[in-house]
Amino acid sequence: MASLETAAEHERILRELESTDSNCIGPTLRSVYDGLEHGHFMDKLEARIRNHDREIEKMCNFHYQGFVDSITELLKVRAEAQKLKNRVIDTNTRLQNDGKELISVVEELKKCRLQQRNIASTIDKLTLCLPVLEMYSRLQEQMKTKRHYPALKTLEQVEHHYLPHVSQYRFCKIMSDNIPRLRMEIKDVSMSDLKDFLESIRKHSDKIGETAMKQAQQLRTMDTTLSHQQRTGSRRAKKETAPVTELESDNTSPMSEKDSGILDVEDEEEEEEEEVLAAQDLVDFSPVYRCLHIYTVQGARNIFENYYRKQRRKQARLVLQPNSNMHETLQGYRKYFHQIVGFFVVEDHILHTTRGLVNKAYVDELWDMALSKTIAALRTHSSFSTDPTLILDLKHLIVLFADTLQGYGFPVNQLFDLLLEIRDQYNEILLKQWAVVFREILEHDNYSPIPIVDEAGYRQILGQFPFQDAELEKLPFPKKFPFSEFVPKVYCQLKEFIYACLKFSEDLHLSSTEIDDMIRKSTNLLLTRTLSNCLQNEIKRKNVGLTELVQIIINTTHLEQSCRYLEEFITNITNVPPDTVNATKLYGTSTFKDARHAAEEEIYTNLNQKIDQFLQLASYDWMTARDNGEPSDYLSDLIAFLRSTFTVFTHLPGKVAQTACMSACKHLSTSLQQMLLQSDIKQISLGALQQFNIDVTECENFARAGPVPGFQGDTLLLAFINLRQLLDLFIQWDWSTYLADFGRPNCRYLRVNPHIALAVLEKMKDSSRKNTMFAQFRKNEREKQKLIETVAKQLRTLINSQQT
């Protein structure tokens, strides 16, 4: 059964191999190899192959005769075909030889027609392309000649009107590709021109500013010519009412041309163009306009505006940064102002000639920044200046700077506020300068009345100092003014200071009242601070004598009286009546009062020092038994000195001389009393007290003689009343009266202090004990000693009762 099944399977596989496509043989053969009857299948396959071979051989034997007949016929056709081929080749050769000339002519005709067609096509295409090429050529020429705005318009026409018609050509593609590059190149080149423009105006802004300030100065000169003439006339009138000295000549007068507040202008004729052209006409603004339009057309206006404003802000910061040594010369300030003015002249022109490149808010912001930085720089650098002339020139520059920018519409009130600050600094510098002048005048003065030998000298002094004295007028020459030379010199310098203050007030747009107020305040400072310090220092100077102090008192009295003439002088200059409401008054007269009081105190002090020097020469024999009968030598010399000194005081005001005399007498009395109470004096005899009494009597005689007129009765004697009552008490030994009447308002020894009396009594008690070694054996001496002890005891009781 197995062999039958195997044989049937092999038969099926063979049928599949015979009927199946070769692509599907694989699975069939795999089934053979998977089985175990591989050899049987191969035998079966070989048998099948032999059967097929025998069938093929039978088929071939059956058709062989037909095949032979076909070969025979084919051989016959071959011979005929060869003949036909030869005839065709021969015919073709003849045809080729005959058609060569025709072919040549046809080719030439073909070429001609092709050329004609190409020419016509080329003409048509060139007709379309030539306008494009011409416009592009024009564009290149405009780019080469840097006509960027026309080039931009040409580029727009090429791109939108010409290239779309010929866009199929390669050169058009190249052009189209170049258009963004050309547009960017135009932007870059215009921006480069703008950068060159910005760099140029940065370098030449000082020239622009200089021209603008010069034009503003010319306008101001034209506007103020008439007013200057009027001022000159009024100044002459003032000079007639108030005579001045050489110190007040035209070269120092604030009304003179040199100090008119107008800067020097070149007298040489300049080119007509410079006279006609405005400051902004010096600048070619076309790069800005072109660049602005180019960026506007290309839709990048915001980029251009931001760039322009950013660069100008940077330039503004550079312009506003002053040099570190700007304060050293006026040229440094001038260059700084020129640069600032030039910058804002350009910005103002850009503001008014472009539509929105810069706006008012932007320019105002720049000006606010510039104003704050400029004011800070000027405030800092001006503080280093110590030269009033430089400060005055700086004021003129600032005024011109402010007027120039105000003419362009910029607010400049803060600059005038700054000028008021600089005015205070200027006044401080003037005060320091005048302090030196005053010191020199006081140091070189001889402190003697001014001698006059003729009328010319007399009138010269009156021209320098307003002095009126009818009695002096009547006196014949030679005669003397009561004051020394420093009075007219100081007065002239006061007027010079007023002129110097007035110079700074010019062109500050101040009212007459404000100018008057400023001058009076400055003059008050000069009097109360500068001149006062100089006078005080001169009074306190070492080795100053009584004669000098007396002359200082006289001089300050006349200077104080002259202040009303200074008031009139200021009124004539400012045309502001002194009785104007809220007008500042010259209270500086207190300076002369203070100086006079200081001199008086110094006189009192010097007198007391001289008295002390004489008292140091005193050499009393405190144990002497009897007096000499005449005053001591030192006291006689002291009284002679006081008499001669008070003779010099005749020119002093009465109260001053009286006070000095009273002060000297009081000091002398106090010093004499202190001499009795000195701790190193242990013993005082009655004879010494009597001699001391003679000296005090000499002092009383001096006081009674009235060395200085004006004392009523024995007023001057009251300076010695304490000492007199003390001496009378001891010399008369009137202790019973003293002790009995003590404390009563009308007692005889009212001014005797019990402490002082006890101190002197103790010294007399010691003297009585040691007067002689046998004194205790004498009855009268014992009684006297007992009496002294009794009085001393009563004085102690009296002192204790006062304390309780």
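Here is a short tour, stop by stop. Keep in mind that what you see is a predicted model.

Stop 1: Start by selecting Leu75, which lies in helix H3, residues 38-144. Is Leu75 buried or exposed? Leu75 has a relative accessible area of 52%, so it counts as exposed, since the cut-off for that word is over 50%.

**Stop 2: into the core.** Next, head for the largest nonpolar core, which has 188 residues. Helix H12 gives this core its largest share, with 14 residues. To find your way around, select the residues with the most contacts inside the core: Phe337, Phe481, Ile603, Leu607, Phe646, Leu672 and Phe692. Stay with Ile603 for a moment. Which residues does Ile603 touch, if you skip those up to four places away in sequence? They are Leu546, Leu549, Val550, Ile553, Phe649 and Ala660.

**Stop 3: a histidine in a helix.** Pick His558, which you'll find in helix H17, residues 546-561. His558 is at 13% relative accessibility, so it counts as buried; the limit for buried is under 20%. Show its contacts too: setting aside neighbours within four places in sequence, His558 meets Phe465, Phe467, Pro482 and Phe483.

**Stop 4: a cis peptide bond.** Now zoom in on Phe477 and Pro478. The peptide bond going from Phe477 to Pro478 is cis, and its omega is near -5°. Where is Pro478? Look in the loop between helix H14 (470-474) and strand S2 (479-480).

**Stop 5: two positive phi angles.** Select Tyr447 in the loop that runs between helix H12 (413-443) and strand S1 (451-452). Tyr447 isn't a glycine, yet its phi is positive, near 50°. With 5% relative accessibility, Tyr447 counts as buried.

Then jump to Asn575, in the loop between helix H18 (563-574) and helix H19 (589-615). Asn575 isn't a glycine either, and its phi is positive as well, at about 60°. Buried or exposed, what would you say for Asn575? Its relative accessibility is 59%, so Asn575 counts as exposed.

Notes: Residues are numbered from 1 along each chain as its sequence is written. This is a predicted model: local features need pLDDT of at least 70, side-chain atom pairs count only at pLDDT 80 or more; totals for chains, interfaces and linings use all residues. Side-chain values use heavy atoms; hydrogens and water are left out. Helices (H or I, at least four residues) and strands (E, at least two) are DSSP runs, numbered from the N terminus. Buried means under 20% relative accessible area, exposed over 50%, partly exposed in between (1.4 Å probe, protein chains only). Contact means heavy atoms within 4.5 Å. A nonpolar core is a set of buried Ala, Val, Leu, Ile, Met, Phe, Trp, Tyr and Cys residues joined through side-chain atoms within 4.5 Å.
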